Amino acid sequence: MEPMFSPPLHRQRHHYVIDFVKRNKPLKVVDLGCGECSLLKKLKFHREIELLVGVDINGAKVKKHMHGLAPLSTDYLQPSFDQLRIELYQGSVTQKDVRLRGFDLVTCVELIEHLTLVDVEGFSEVVFGYMTPVTVIVSTPNSEFNPLLPGLTGFRHSDHKFEWTRAEFQSWALKVCLEYSYEVEFTGVGEAPTGQKQSVGYCTQIGVFQRLRGRDSCNVLCGDDAEDVFSYTLLYTVNYPSLRDNNILRRVLVSEVLYWTEKLKTRWMEENTGERDDASTLCHTEGGVEGCLRALERCMEMEETAACGAERKHLMEHCGGAVSEAQEGQDEEVSWTNIQENQESCKLRRCVSVPLAVLWSCCPKIGTLSGSLSNLRHLLMGEPEVKLSQDSSAVLVQVQDLVEEDQADWEDSGYAEASLCSHSAEQEEDWEANV
Ligand code: SAH
């Protein structure tokens, strides 16, 4: 029967709901009779939804398919600013459960025809009288279309308790509207061949119900004093990683900062010395860092809107100038101990300083994540993987030494690892532990 339609009818039903979601942007959505969770698996990509819930009486079916709702690795690696929580319940739509109240959208795709007519009454009271969502989308077979379905005798599915004509569906829908203060519009998917559209209607008929008044005004037990009923069993719940979670925001930011500081360091060294990490001339002082930052800030005021690549090059040239000047008149040397006190004293550590102002203005993602330069500073303070200058205005990136012993210390500190492997698998595991 399905090949009659392109795309297949079940997909057209889900597309109808998805189009509605795109247009109306509901925050809380529940799919009643979610079955194999196929609609939920599509809806989870619409990140304006903050709470996505599925309910089905068949817990085994839900359990078999629920893992397809888990976040993907990209959700952890590139978390969105949007929040999403998914919950799946085993329960009957004829039973009330307080966790299903206050939703923006309830979908019932090919569900009601699986209920006895007595249970349809219970369903109506639970959904329209108790849950009282803003919108309810109900789809069900249109029996007038059945003669056009090749080889069909009886109902379209062995578990169907009834299949309604358009008049029967509309009669039930209008009664519900009257009783629970909703209005309804009728539509459908799966068009009949030309010439028969009017006489048979759509293969699947759809009613879109909109609540007329605030939920306090409905005429059944639905006010705030309604009893808190928990009749459903929670089968699955997951919170998607979100940048609104401060821990996740910090981790992503640190990862970006480490990546960019390393990149800028390498670039600066290549452009200014023609050498790589082992350049012996690159040791510079906190004074140098300050000089560098001052030069950079002046420069930034002048070149606020410069393109990132050109600006970075320019800034790094200024930085180089400031560093050289400071080195010439050097009266103090920075040792790594100034930055990380548990390092061996007396050992000179070499580093390149990358001012936060450069990071913030040159790396769009860092700008977006932090919002402002002072926020960036605030978020990085206290992050053990990021070494800040004494006044917290720059990130200090250690330069790899030629001396073997130093190399060993560097590795022991864990800093090199953190800097160079900022997108490590370990981080992903940490995030998972936090959600
Ligand atoms: N909505 C899904 C599945 C439709 S099949 C889709 O569009 O693909 C109907 C589903 O309703 C089945 O998964 C069945 O287990 C479920 N169901 C039947 N009676 C129910 C009840 N009383 N409460 C909740 N779910 C019910």
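Mentor: Before we start, a handy term: a residue counts as buried when its relative accessible area is under 20%. Keep in mind too that this is a predicted model.

Trainee: Thanks! Is Ser392 buried or exposed?
Mentor: The cut-off for buried is under 20% relative accessible area. Ser392 has 13% relative accessibility, so Ser392 counts as buried.

Trainee: Where is Ser392 found, and what is its phi?
Mentor: Look between helix H13 (373-380) and strand S10 (394-398), where Ser392 sits in the loop. Most residues other than glycine have a negative phi. Ser392 is not a glycine, yet its phi is positive, near 60°.

Trainee: Which loop holds Ser181, and is Ser181 buried or exposed?
Mentor: Ser181 also has a positive phi, near 60°. You will find Ser181 in the loop between H6 and S6. Its relative accessible area is 12%, so Ser181 is buried.

Trainee: How many bridges join strand S2 to strand S3?
Mentor: Strand S2 (residues 51-56) and strand S3 (residues 85-90) run parallel. Within this pair, Val53 stands opposite Glu87 in S3. The number of bridges joining S2 to S3 is 6.

Trainee: How is H5 set against H6: parallel, perpendicular or oblique?
Mentor: The axes of H5 and helix H6 (residues 166-180) come within 11 Å and cross at roughly 45°. That angle makes H5 oblique to H6.

Trainee: What classes of residue make up the contact of H5 with H6?
Mentor: On the H5 side, the residues include Val120, Phe123 and Phe128. In H6 they meet Trp172, Lys175, Val176 and Tyr180. By class, the contact has 6 nonpolar, 2 polar and 3 charged residues.

Trainee: One last thing: which peptide bond is cis, with omega near -5°?
Mentor: Most peptide bonds are trans. For this one, look at the segment before helix H1 (9-24), where Pro7 lies. The cis bond runs from Ser6 to Pro7.

Technical notes: Residues numbered from 1 in each chain as written. Predicted model: local features only at pLDDT ≥ 70, side-chain atom pairs only at ≥ 80, totals over all residues. Heavy atoms only, no water. Pairing = 2+ DSSP bridges. Helix = DSSP H or I, 4+ residues; strand = E, 2+ residues; numbered from the N terminus. Axes fitted to C-alpha atoms, helices over the stretch in contact; angles between N-to-C directions. Parallel < 35°, antiparallel > 145°, perpendicular 65-115°, else oblique. Contact = heavy atoms within 4.5 Å. Nonpolar A, V, L, I, M, F, W, Y, C, P; charged D, E, K, R; others polar. Buried < 20%, exposed > 50% of the residue type's maximum accessible area, 1.4 Å probe, protein only.
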